[in-house]
Amino acid sequence: MTLDKWLFDKKDQIALLEQWRTCAQYGMTTKDFCQKLADSGSSSSKKIGQAGLKAPGQGKAFTEVLEGWLSPVVLSTLVI
């Protein structure tokens with residue numbers, strides 16, 4: 001696990017999930033959300049956004065990008 005992931009605390013995790021929920025409520029796609037993070041998020045959020053944008057080309061789901069950033073319990077509840 002990288003230092004960035006280790007320092008991404010519960011408060012950061014909640015903020016990320018709330019941003020994702022808000023974007024989904026406004027009809028944004030996961031790709032749109034990742035672009036928003038990559039363009040204007042914190043350092044950690046930018047890394048998540050950039051990895052999320054690359055994920056489809058690597059055959060990965062966005063939830064796979066979130067491994068290490070979110071707790072395994074939270075990840076297990078996300079259905080994409």
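In this predicted model, ring pairs join Trp 20, Phe 33 and Phe 62 into a cluster. The number of aromatic pairs comes to 4, and one of them is formed by Trp 20 and Phe 33, whose rings are stacked, with 5.9 Å from centre to centre and 5 degrees between the planes. This pair connects distant parts of the chain, since Trp 20 belongs to helix H2 and Phe 33 to helix H3, the two residues being 13 residues apart. The rings of Phe 33 and Phe 62 are arranged otherwise: their centres lie 6.2 Å apart and their planes stand at 90 degrees, so the pair is edge-to-face. Here too distant parts of the chain are linked, with Phe 33 in helix H3 and Phe 62 in helix H5, 29 residues apart.

The largest nonpolar core has 15 residues, of which Leu 16, Phe 33, Ile 48, Phe 62 and Leu 66 touch the most other members. Helix H2 (10-25), helix H3 (30-40) and helix H5 (62-65) are the elements that each contribute two or more residues to this core. For Ile 48, once neighbours within four places in sequence are set aside, the contacts are with Phe 8, Leu 16, Leu 37, Phe 62, Val 65, Leu 66 and Trp 69, a list that includes Phe 62 of the aromatic cluster.

Ile 48 is also one of the buried residues of helix H4, together with Ser 44, Ser 45, Gly 49 and Gly 52. These residues lie on the same side of H4, because the arc they cover around the axis is only 135 degrees. Helix H4 itself, comprising residues 43-54, has 12 residues and reaches 17 Å from its first C-alpha to its last, which is close to the 16 Å expected at 1.5 Å a residue.

How values were computed
Residues are numbered from 1 along each chain as its sequence is written. This is a predicted model: local features need pLDDT of at least 70, side-chain atom pairs count only at pLDDT 80 or more; totals for chains, interfaces and linings use all residues. Side-chain values use heavy atoms; hydrogens and water are left out. A nonpolar core is a set of buried Ala, Val, Leu, Ile, Met, Phe, Trp, Tyr and Cys residues joined through side-chain atoms within 4.5 Å. Buried means under 20% relative accessible area, exposed over 50%, partly exposed in between (1.4 Å probe, protein chains only). Helices (H or I, at least four residues) and strands (E, at least two) are DSSP runs, numbered from the N terminus. Contact means heavy atoms within 4.5 Å. The expected span of a helix is 1.5 Å times one less than its number of residues. The arc is that of the directions from the helix axis to the C-beta atoms. Rings of Phe, Tyr and Trp (its six-membered ring) pair if their centres lie within 6.5 Å; planes under 30 degrees apart count as stacked, over 60 as edge-to-face and the rest as tilted.
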